[in-house]
Amino acid sequence: MTPLTVLGGYLGAGKTTIINGLLASLAQATGNPRIAVLINDFGAINIDAKLIRKHQGRTVELTSGCVCCDIQDDLGSALDALRGASFEQVLVEASGVAYPAKVANYALTWPGYRPAGILVAVDALNVEDQKKDKFIGHLIDAQITEADLLLLTKLDQLDCNHRQTLRDSLPTRAVRVDHGCVDADILLAATLSRPDSPVVKDHSDQFRTLDYQSDRILDHDRLLTFLDELPEPVVRAKGWIHDNQGAWWLQSVGKRWTLEPATAIPDGTNLVFIALAKPGTGAMLSGLKHALQGL
Amino acid sequence: MPEPVLTVYPARSVITMNPSLPRAEAVAVRGDRIVEVGTLASMQPWFDAHEHIVDDRFSSNVIVPGFIDPHLHPTMAAVLLPMNFVTATEWKLPWGTVSPSMTPEAFLNRVAEIEAAVENPEEPVFIWGYHQLWHGSMSRPLLNKINATRPIIVWHRSFHELYLNDGALKFLHITEAEVGNRKQIDYPNGHFFEAGLGYAVNRLNPTILAPEKYAEGLERLKQVVHFGGHTTIADMATGLFDFDAEWLMLKQVIERDDTPFRVELVPDAARLRASKGSNEAALAFAKSLPEQNTHRLRFSDHIKLFADGAFFSQLAQLQEPGYIDGHHGEWITPPEKLEEAMRIYWNAGFKIHLHVTGDLGVELGLDLLEKLQWERPRFNHGFTFEHFGFSTPEQVERIAKLGASVSANVYYLYELSDAYARHGIGFERASQMARLSACFANGITTALHSDFTMAPAEPLNNAWVAVNRINSTEQLMGPEERITAEQALAAITINAARVIGRADDIGSLRAGKKADFTVLRDDPLTTDPMHLKDIPIVATVFEGRPFPIERTGR
Ligand SMILES: [Zn+2]
Ligand SMILES: [Zn+2]
């Protein structure tokens, strides 16, 4: 099943810049993963065409459907058209006024796809005003609530004391994105879908990683509890697992994780966790390692 | 060439909607225009100078200006009309009146009747109008009991969900292996909703949007429009599906000698922008469209924009206190993008028609209009609030002060006020949907539309709702907002003409205007208001040519 990632967020939050950054980052990845990017119709079409071609990818411009009935479904038609075209990842840019969870539902409905996370870009400079706006306040709140992982843009333009206030006001895991410098390995599920993909050691000073390898067979029920309770600084986890119920691929983006039955993977368990570097993150990662040893 | 002969139509009464001469006894017509409204005696100077004939076929009837629906969607109608209607409310259609099916048994019996009447066992049967409030639960097994092999497709009244039987699943190649465990598709019950609806619809589209089906649907729409007594309609979002395909088909089906009405075409700005690449390119294209006008099909300087979500889906954007269950509506267009587009069309002198359903949508429209008025004042700008579901009295005053018009879908009140009072927003606001008396009191140009297929394309039915405010459960809703029969008649004639920018030519009966009439058996201004919707429509006259209306009955 093709992982489908939704990128939501209001106008001006930098979705297009993030997409271009992701494509540039993918270009560095081994195996040159093929990605399809579906773009909504309100955005200016500024996606770098060369980058798309490099990934043998495809952009599809989505228009908002008919408002009174549902005779037209552009996103659905695009997903139908992409099926069987062996993309390793589909990225859907939700329109600025969309509720991203609604868009992500397509991954649950359309055969051949699985949800791979809701990313929501947040304009750090303007989000506090946007939340108070009488026309879009509720929408901004909903977009933030529905995100698995928030991407904070324009943080560098915010003065220092407002940064902490902002971080404290946000409910979920939030990654800083400066000028579209994003790492596809962190945001997208596709890059580690093969056992031969290397595990990225360090992403930037924003993150700390934990590698975990073991030959032990883990306990499935305890594993599920462990995943549900992953502490908030962990923004990404991935790798393969052997437990007493089978072999699995783990993918987590933000607060969403999935285990998929896996075949043709090496023995044992090999996981990487990526967490935001904050005071206490080192201790948290040691705690995770300890917990993993007890699974 | 000899001058065309004058034709004089005497009537029991002529209601002109011209305040300077509200009532008359006859209308004299030359070619497609009225030469005089008055009495046979007052017309004598014309008769002395020109040959004339007296056509007294309408002499026992009442002549009113031809009805105008200033907002419907021929394209959507063309998709819906080939389907079979099985509905909880009555629909008068040219090929028979759909009497209400109010219970689960009545619904299934009617579906079975329709199915049994179709000879070819492989032909799919499309049903539209299911609603759980009246028809209980629906499922694949229930439809299979009627016929498991023939494809049966049941659409919800809102068009936002559907049910398929075994035959339909097979016809559309939808298998359990493929969708059995997917969300928003209930495979055992054949139920497709939300994203799942899109899945089924994409499979159905080759059938329901096939050109021959679409042409058949447009032919049916022609009958429906005539049957409702219209002589003018407006397509209030040309290009909703596909601009070129729609325009081509309209030219083929509507621009014909047997079509007794004209269509004002108002392009959908968002769709144009998407296909032309920018608002500026879309504007240039919109400006060029009148060059393509034909006799019956006319583009002008009107444009359609969208604010908040569909009324039937409770996606209207509301101000405090919102919906009872705490959910929020949706914006179709991001407010900033709406402002951008509005400014471009405003500055180009266009008349903007803004789709608004909730009071927060109205608020956004008002804020933007006020801003544009401040930047670049315009008089007689024709800005129109379309649908106008929920509003506040204060907003009505602001609409008046900013010089805007209202084109309302009053049928919301009839069909939805009871359900919305109980399950949506509470009684107070539900009973004040379509705040029409306030609009008239504030001197706002106020029209009524059907948004067909959202409401029946029957102007007299809309007038009946606006005058009586009695809903489908027979409750009186917001009696203070009832309008008079005369106001209602204005809302479906002269005010509708104003809203679409054609008041100089149509909408009332006076010397010089197009000879467009609707001929009624009874007088709508003196009849019992509860009888308004049942007044038989005898004929229409379009540009001087009579087109009788046959009543068939089922
Ligand atoms: Zn509308
Ligand atoms: Zn409409």
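**View 1. Which side chains meet in a salt bridge with N to O at 3.2 Å?** They belong to E363(B) and K134(A). Keep in mind that you're looking at a predicted model here. Between chain A and chain B the count is three salt bridges, and over all chains the structure holds 42.

**View 2. Here is where chain A and chain B touch.** On one side, 36 residues of chain A are in contact, and on the other, 50 residues of chain B. How big is that in area? The size of an interface is often given as the accessible area lost when the parts come together. For chain A and chain B, the buried area is about 3800 Å², with carbon and sulfur atoms giving 58% of it. There are also 16 residue pairs in polar contact between the two chains, counting pairs with both residues at pLDDT 80 or more.

**View 3. Now zoom in on the side of chain A that touches chain B.** Which elements give two or more residues to this side? They are helix 3 (74-82) and helix 4 (100-109) of chain A. Helix 4 of chain A brings the largest share, six residues. Sorted by class, this side of chain A has 19 nonpolar, nine polar and eight charged residues.

**View 4. Chain B shows off an open sheet of four strands.** Follow the strands in the order 6-15-16-17, and you'll find that the pairing is parallel. Strand 6 (67-72) and strand 17 (297-299) of chain B stand at the edges with a single partner strand each, so one side of each has no neighbour in the sheet. On average, neighbouring strands of this sheet are turned by 20 degrees against each other, direction ignored. Take a look at strand 16 (residues 262-267) of chain B, which pairs with strand 17 of chain B over three bridges. V263(B) stands opposite L297(B), a residue of strand 17 of chain B. Helix 10 (residues 243-253) of chain B lies across strand 15 (230-238), strand 16 and strand 17 of chain B, and runs at about 140 degrees to strand 17 of chain B.

**View 5. Over in chain A, five strands make an open sheet.** How are they paired, parallel or antiparallel? The pairing is antiparallel, and the strand order is 8-12-9-10-11. Strand 8 (207-214) and strand 11 (256-261) of chain A take the edges, each with a single partner strand, so one side of each is left without a neighbour in the sheet. Neighbouring strands in this sheet are turned by 15 degrees against each other on average, direction ignored. Strand 8 of chain A is joined to strand 12 (residues 269-276) of chain A by eight bridges, and D211(A) stands opposite V272(A) in strand 12 of chain A.

**View 6. Two helices of chain A come up against that sheet's strands.** Helix 9 (residues 220-228) of chain A packs on the sheet and touches strand 9 (234-243), strand 10 (246-253), strand 11 and strand 12 of chain A. The direction of helix 9 makes about 155 degrees with that of strand 11 of chain A. Helix 10 (residues 281-293) of chain A lies across strand 8, strand 9 and strand 12 of chain A, running at about 15 degrees to strand 8 of chain A.

Note on methods: Residues are numbered from 1 along each chain as its sequence is written. Chains are lettered from A and ligands numbered from 1 in the order in which they are written. This is a predicted model: local features need pLDDT of at least 70, side-chain atom pairs count only at pLDDT 80 or more; totals for chains, interfaces and linings use all residues. Side-chain values use heavy atoms; hydrogens and water are left out. Contact means heavy atoms within 4.5 Å. Buried area is the accessible area (1.4 Å probe) that two parts lose on being put together, summed over both. A salt bridge is a side-chain nitrogen of Lys or Arg within 4 Å of a carboxyl oxygen of Asp or Glu. A polar contact is a pair of N or O atoms within 3.5 Å; within protein, one must be able to donate a hydrogen and the other to accept it, and residues adjacent in sequence count only if both atoms are side-chain atoms. Ala, Val, Leu, Ile, Met, Phe, Trp, Tyr, Cys and Pro count as nonpolar, Asp, Glu, Lys and Arg as charged, and the others, Gly among them, as polar. Two strands pair if DSSP finds at least two bridges between them. Axes are lines fitted to C-alpha atoms, for helices over the stretch in contact, and angles run from 0 to 180 degrees between N-to-C directions.
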